[in-house]
Amino acid sequence: MGSVNVRNNKLYLDFRYMKQRYQKTTLLDNTSPNRRQLQELLKQIKAKINLGKFKYQRYFPNSPKCEFFSSLERKKVEISVDNLQSLPSFSSFAETW
């Protein structure tokens, strides 16, 4: 689901989120401590994605994709509020049943 790779002796993260592939380059040199640090970060990202709690903006605040993910989150909240308003109350549902 993700990996830590090297390009021009710099480490980068390669992972999938929302059916898209993301490659995030870092300024870290390809050393064992840096690789371990990024592998730990990737492990956290994968866990958050699996739990549905991953916030792209929190991990990559300077990315141009932040606005895209912010707009998706706003839409998600709007949809869930609309769904709640369209649901019948328990008493009307029980009466219909």
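Asp14 is buried, with a relative accessible area of 11%, where buried means under 20% relative accessible area, exposed means over 50%, and partly exposed lies in between (1.4 Å probe, protein chains only). The model is a predicted one, in which local features need pLDDT of at least 70 and side-chain atom pairs count only at pLDDT 80 or more, whereas totals for chains, interfaces and linings use all residues. Residues are numbered from 1 along each chain as its sequence is written, and side-chain values use heavy atoms, with hydrogens and water left out.

The side chain of Asp14 meets that of Arg21 in a salt bridge (2.6 Å, N to O), a term that denotes a side-chain nitrogen of Lys or Arg within 4 Å of a carboxyl oxygen of Asp or Glu. Arg21 is partly exposed, at a relative accessible area of 47%. The structure holds two salt bridges, and another pairing is that of Asp29 with Lys10 (2.7 Å, N to O). Because Asp29 lies in strand 3 (residues 20-29) and Lys10 in strand 2 (residues 10-17), this pair ties together parts that are 19 residues apart in sequence; strands (E, at least two residues) are DSSP runs, numbered from the N terminus.

Six of the eight residues of strand 2 are buried, so this strand is largely enclosed by the rest of the structure. Strand 2 pairs with strand 1 (residues 2-7) in the antiparallel sense over six bridges, and with strand 3, also in the antiparallel sense, over seven bridges, where pairing requires that DSSP finds at least two bridges between two strands.

Key:
Helix = DSSP H or I, 4+ residues; strand = E, 2+ residues; numbered from the N terminus.
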